[in-house]
Number of protein chains: 2
Amino acid sequence: MAAFDSLWTEILDVGRDGDSGGYRRFAWSTADATLREWFVGAATTRGMDVEEDRNGNLWAWWLPPGWTGDPRGAFVTGSHLDSVPDGGAFDGPLGVVSAFVAVDIVRERGIVPRVPVAVTAFSDEEGARFGVACVGSRLATGSLDPDAARRLTDIDGTTLAEAMTRAGRDPQHIGVDPGLAERVGVFVELHVEQGRALDLVDKPIAVASTIWPHGRWRFTFGGEANHAGTTRLVDRHDPMLAFATTVHAARSAARDHEAVATFGKILTAPNGTNAIPSEVRAWLDARAADEAALTAMVDLIRARAAEAAAGDGITLEVTAESVTPIVEFPEAPRTRLRRALAHLGDIPVLPTQAGHDAGILASTVPTAMLFVRNPTGISHSPEEFATLEDCRTGAAVLADVMVDWTTTDHGEST
Amino acid sequence: MAAFDSLWTEILDVGRDGDSGGYRRFAWSTADATLREWFVGAATTRGMDVEEDRNGNLWAWWLPPGWTGDPRGAFVTGSHLDSVPDGGAFDGPLGVVSAFVAVDIVRERGIVPRVPVAVTAFSDEEGARFGVACVGSRLATGSLDPDAARRLTDIDGTTLAEAMTRAGRDPQHIGVDPGLAERVGVFVELHVEQGRALDLVDKPIAVASTIWPHGRWRFTFGGEANHAGTTRLVDRHDPMLAFATTVHAARSAARDHEAVATFGKILTAPNGTNAIPSEVRAWLDARAADEAALTAMVDLIRARAAEAAAGDGITLEVTAESVTPIVEFPEAPRTRLRRALAHLGDIPVLPTQAGHDAGILASTVPTAMLFVRNPTGISHSPEEFATLEDCRTGAAVLADVMVDWTTTDHGEST
């Protein structure tokens, strides 16, 4: 199955940082444009028509012979091409490459689908640049307001609207995709696993059960800039101390709730060695098995932060930038997937703590996810890894699912 | 004394950030170039010849009539023009503007100096861009190795050598100034006070006694980047926690040593909301009344950091970027200054916790400092402030000192 290997290697150099070895494929960046060109090329080579929807999501269409009119009830598979800062090669692109390769496999078998097939790449899934994840799928499903999206701002002060304009898109067009429910019969997203569950049971592939509820909260600790040498300790309003307290409060609250809470992004102003900061902004990423636990945990972290801020005479503002409820992938497509893969034996069914476009689209269309084993569990890092053998297996499994879905009748009952 | 006001206002807009109202006058930046042009203009207007020495320090010369050959035994006064990020208007430029105004005042009085007078602006005093303070004066006195200086790197990866080259300078020329000791009879630096001591005793001017020993230490906490959602707490090597512990350790150690310790600058990689950091780099600014206290305090902070790092399975590297021993300003010039200002009544003599070029030059030439009252004590902040009345007084006082020094004999005994 050299098809996977050759397509996979085509994008391995795009947006890769020479020092870290990680990827910096941010929305509407040069690397993003290169990956979009690659997508169009991969589709065109396969005789698939490409459309970019109003939100920048890419769709490559394989229509049944004689199909007329707009696609409907399609088997849609894909993922995203953008990355976190210094991310790995697999998170996102594996699902897009596997989708094209699955099309190749199905065609090589001489199978003709009875419903349209689409390969997709959703725009700005990681939210690395503008701070909100899954912008493309959120806009399409109406869960992100277009005005709010246009105002999102990156670290250099560029808004999403400006970035889209510079990339030759019209940000006035973004918004809900009213045809989504009719067009998509099912969306199946293949993704590298981001934990070690498959490695622990020695299986290459899993099907998703749920996505943990999760969100991002921006904590802004506002102090008073002053000289780090000449300002007496008692005269200080240094926001770094309350931030430091909050880092430990988050870890402790996560432990208590059997959840996870992380401060991975921090911006300090003025960020001078000899200046007490005027402000520390830090982003809390928090996830829990259910929504009650998530709310309780974040409330606890916020309370501890407020207490520390009050003690130091500084201000605290906490803003929920995005909060995603629990996603329970529907029973019907999941059962269908497991049936299509019965020849592989028992397929593990796993929850995931990571957000995905499939989780966003689940509000509007039937969705399912396949995971490919990650031997170390490391993700969002240059160390992220899956074996080529498992990746090939993933593409083959996706082809099996595509054949099953597009060649047999399926109603609500399956 | 409108002379001060008009010269002062000429540079108030240079390098000022529209949002914060603070200054971003970093070494070898566009703002720095504009200030250098202003310096040349102010000198030229006064008929003073300008030279920029091999290290980028500016010297504007007023030579006694008939003086031939190189200047020696000069009365040198000035400060620096660069700023910390979002710094105030006064720290640095006040000393340069006051120096030019003092020349004006002395000339208006019809006084002709018997030794050369120079107004100076030392290069890159704050170290805001390349992380080492007083680069210009350290190079001149030989306390900073030229090779090490050339390799200093800013946040964008630009080296000092590259920045100087882009600014049209030759970084191969930097290094010790062998003529410094002969050229400079005394260096008097006028500076805004960076505490509230003068406000508390209701005096406009002070003379410096000592500069606290101080330094910058870079703490690099090295962890393992991973997905903030999917990585179990027990599998994490998150460097943010040990950093947070160290922030509190620094505050606690400073309290115990009646000193100050600050983490004001932090760089997190990859700095993604949903990524556990691979690395947190943070800079400790620490200062104490004597060197034993400083060493003990920093050792304690380092030990607490190492303990936290070991507990989380992360690495810690601590690098002293610059450590400046205590500076005791010499008795002779200080006595001379107080004598020249006897008409103002008792002049307070104050230690300072801030580093200054005068402290660096003290290793090679006689130096003294004058402080101008800062009513709030706030410095390194857009809020930094001194009244125009006190600033005018400062320039007049500096003129008195200039007259005294340049028109009367003075030997080692005074």
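Student: Where does B:Pro270 lie in chain B?
Tutor: B:Pro270 sits in the loop of chain B that runs between strand S9 (260-269) and strand S10 (275-276). Strands (at least two residues) and helices (at least four) are DSSP runs, numbered from the N terminus. The model is predicted, with local features needing pLDDT of at least 70, side-chain atom pairs 80 or more, and totals for chains, interfaces and linings using all residues. Residues are numbered from 1 along each chain, chains are lettered from A and ligands numbered from 1 as written, and side-chain values use heavy atoms, without hydrogens or water.

Student: What kind of peptide bond joins B:Ala269 and B:Pro270?
Tutor: B:Ala269 and B:Pro270 are joined by a cis peptide bond, with omega at about -5 degrees.

Student: And which residue of that loop has a positive phi without being glycine?
Tutor: That is B:Asn271, with phi near 60 degrees. B:Asn271 belongs to the loop between S9 and S10 of chain B.

Student: What about A:Ala269 and A:Pro270, then?
Tutor: A cis peptide bond links A:Ala269 to A:Pro270, and omega there is about 0 degrees. A:Pro270 is in the loop between S9 and S10 of chain A.

Student: Changing topic: how many residues do chain A and chain B put into their contact?
Tutor: Chain A contributes 57 residues and chain B contributes 57 residues, where contact means heavy atoms within 4.5 Å.

Student: How much area do the two chains bury?
Tutor: About 5,000 Å² is buried between chain A and chain B, and 57% of that area is on carbon and sulfur atoms. Buried area is the accessible area (1.4 Å probe) lost on putting two parts together, summed over both.

Student: Which elements of chain A touch chain B with at least two residues each?
Tutor: In chain A these are strand S8 (226-227), helix H9 (239-256), strand S9 (260-269), strand S10 (275-276) and strand S11 (279-287). The largest share of this side, 10 residues, is given by H9(A).

Student: How do the residues of that side of chain A divide by type?
Tutor: The side of chain A that touches chain B has 24 nonpolar, 22 polar and 11 charged residues. Here Ala, Val, Leu, Ile, Met, Phe, Trp, Tyr, Cys and Pro are nonpolar, Asp, Glu, Lys and Arg are charged, and the others, including Gly, are polar.

Student: How many salt bridges are there between chain A and chain B?
Tutor: The count between the two chains is 0, a salt bridge being a Lys or Arg side-chain nitrogen within 4 Å of an Asp or Glu carboxyl oxygen. Over all chains, the structure holds 44 salt bridges.

Student: Which residue forms a salt bridge with A:Asp5?
Tutor: The side chain of A:Asp5 meets that of A:Arg392 in a salt bridge, at 2.7 Å from N to O. This pair links distant parts of the chain, 387 residues apart: A:Asp5 is in helix H1 (residues 2-9) of chain A, and A:Arg392 is in helix H13 (residues 388-407) of chain A.
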